[in-house]
Amino acid sequence: MNTPPALNGAIAANKVHHWLRAWYGADVPEAIDLDVVRQMLPTTPYGKGVREIRPPVQFNDDAFEGLLARDPGDPQVWGIAYNGSVSPERQRFTIAHELGHFVLHRDRQPRFHCDKESVHSGHETMRLIEREADDFASNLLMPGDRLREWISNRRIDLHVLSAIAKRFQVSFEALCIRFIKFTPQRAILVYWDNGYAKYEWRSSSAVRTRARIRRSGDPQEPLPGTLAADASVEQAWDGVEMSAAIWCPEEAPHMKLREFKHSYTSRDRVLTLLLLESAEPRAWDRSWQDGETLDAVNWRQ
Ligand SMILES: [Zn+2]
């Protein structure tokens with residue numbers, strides 16, 4: 001075994017950050033240089049028995065997102081391939097994900113084929129390792145301490161989140177999911193695909209205060225009276241204030257929320273962010289800082 005059993009994506013990425021700080025001898029750049037990580041890994045305990053990870057190569061095939069494979073002719077060499085037809089931010093995430101498989105799973109199999117859906121739709125073992133590789137990529141590209149520093153004590157809107165995504169050079173969607181994990185605010189993120197909810201995430205304080213979206217049925221459709229349901233509104237990056245009960249029927253009548261909306265140009269995909277008022281007028285406890293619990297609902301099993 002190359003890795004102790006307790007290793008997971010977040011712990012491994014933290015360790016890599018530690019080595020990166022030593023590598024740079026200073027602050028690690030905001031946008032992690034994955035080429036540095038790739039070259040560094042074989043020189044660390046995570047690269048035991050490996051001489052080289054070759055520079056990633058592009059392919060243009062939408063059948064999958066990325067690939068990690070051992071060189072059949074040289075077991076000390078590994079290679080990464082990634083879908084070159086997607087945005088540079090997604091390419092980066094894929095490469096980071098494959099580096100995650102390299103660190104966490106390469107003693108299990110010589111080859112990993114990854115696509116975006118296998119995190120949700122593959123069989124259990126596959127879902128687990130895909131999620132671990134995603135966790136590694138998220139933690140590597142968007143370190144929690146930095147993100148927490150950037151989102152704390154400021155008013156959040158989609159302009160702020162978009163600017164942070166640019167600093168990390170990650171996709172807006174990846175950043176929003178990460179934001180939900182770290183925000184102390186009550187927040188809910190819904191990702192709509194062709195008019196139906198595909199994924200939903202709730203922040204830990206939203207879970208604790210039982211903020212829940214009204215169920216319209218399965219599949220979930222946008223609720224009447226929301227921006228999500230209003231086809232004439234494509235973008236609402238500043239947010240619109242409304243009664244929280246429009247979205248969450250169990251919220252008290254005086255509760256407000258801000259609904260934000262981002263529509264993607266390429267396909268019929270929409271991101272909804274809801275920021276709810278605090279349910280209790282007291283300082284938040286610190287349990288959200290564990291940061292590793294995330295309530296996610298997948299609407300398309
Ligand atoms: Zn994978």
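This is a predicted model: local features need pLDDT of at least 70, side-chain atom pairs count only at pLDDT 80 or more; totals for chains, interfaces and linings use all residues.
1. Is asparagine 153 buried or exposed? Asparagine 153 has 5 C-beta neighbours inside 10 Å, and because 12 or fewer counts as exposed, asparagine 153 is classed as exposed. You will find asparagine 153 in the loop between helix H6 (144–151) and H7. Have a look at its backbone too: phi is positive, about 55°, although asparagine 153 is not a glycine.

2. Now turn to asparagine 194, in the loop between E6 and E7. Its phi is near 55°, again a positive value in a residue other than glycine. Asparagine 194 has 10 other C-beta atoms within 10 Å, so it is exposed. The turn that holds asparagine 194 belongs to a hairpin formed by E6 and E7, with 2 residues between the strands.

3. Stay with strand E6 (residues 186–193) for a moment. How many of its 8 residues are buried? The count is 6, so E6 is mostly covered. E6 has two pairings to trace. With strand E7 (residues 196–202), E6 pairs in the antiparallel sense over 6 bridges, and tyrosine 191 stands opposite tyrosine 199 in E7. With strand E10 (residues 269–276), the pairing is antiparallel over 8 bridges; here isoleucine 188 has leucine 274 as its bridge partner.

4. Next, the helices. Helix H7 (residues 158–168) packs with helix H8 (residues 172–182) at an angle of about 110°, and their axes are 9 Å apart. That angle makes H7 roughly perpendicular to H8. On the H7 side, the contact uses Leu161, Ser162, Ile164, Ala165 and Phe168, which meet Phe172, Leu175, Cys176 and Phe179 of H8. Sorted by class, this contact has 8 nonpolar residues, 1 polar residue and no charged ones.

5. The crossing of H3 past H5 is right-handed. Residues from H3 in the contact include Arg92, Phe93, His97 and Leu104, while those from H5 include Glu132, Asp134, Phe136 and Leu140. The residues of this contact divide into 10 nonpolar, 4 polar and 3 charged.

6. To locate the spot, look in the loop between helix H9 (204–208) and strand E8 (236–243), where proline 219 is found.

Terms used. Residues are numbered from 1 along each chain as its sequence is written. Axes are lines fitted to C-alpha atoms, for helices over the stretch in contact, and angles run from 0 to 180 degrees between N-to-C directions. Helices (H or I, at least four residues) and strands (E, at least two) are DSSP runs, numbered from the N terminus. Angles under 35 degrees count as roughly parallel, over 145 as roughly antiparallel, 65 to 115 as roughly perpendicular and the rest as oblique. Two residues are in contact if their C-beta atoms, placed from the backbone, lie within 7 Å. Ala, Val, Leu, Ile, Met, Phe, Trp, Tyr, Cys and Pro count as nonpolar, Asp, Glu, Lys and Arg as charged, and the others, Gly among them, as polar. A crossing is left-handed if the near helix is turned anticlockwise from the far one by less than a right angle, and right-handed if clockwise. A residue is buried if 20 or more other C-beta atoms lie within 10 Å of its own, exposed if 12 or fewer, and partly exposed in between; C-beta atoms are placed from the backbone. Two strands pair if DSSP finds at least two bridges between them.
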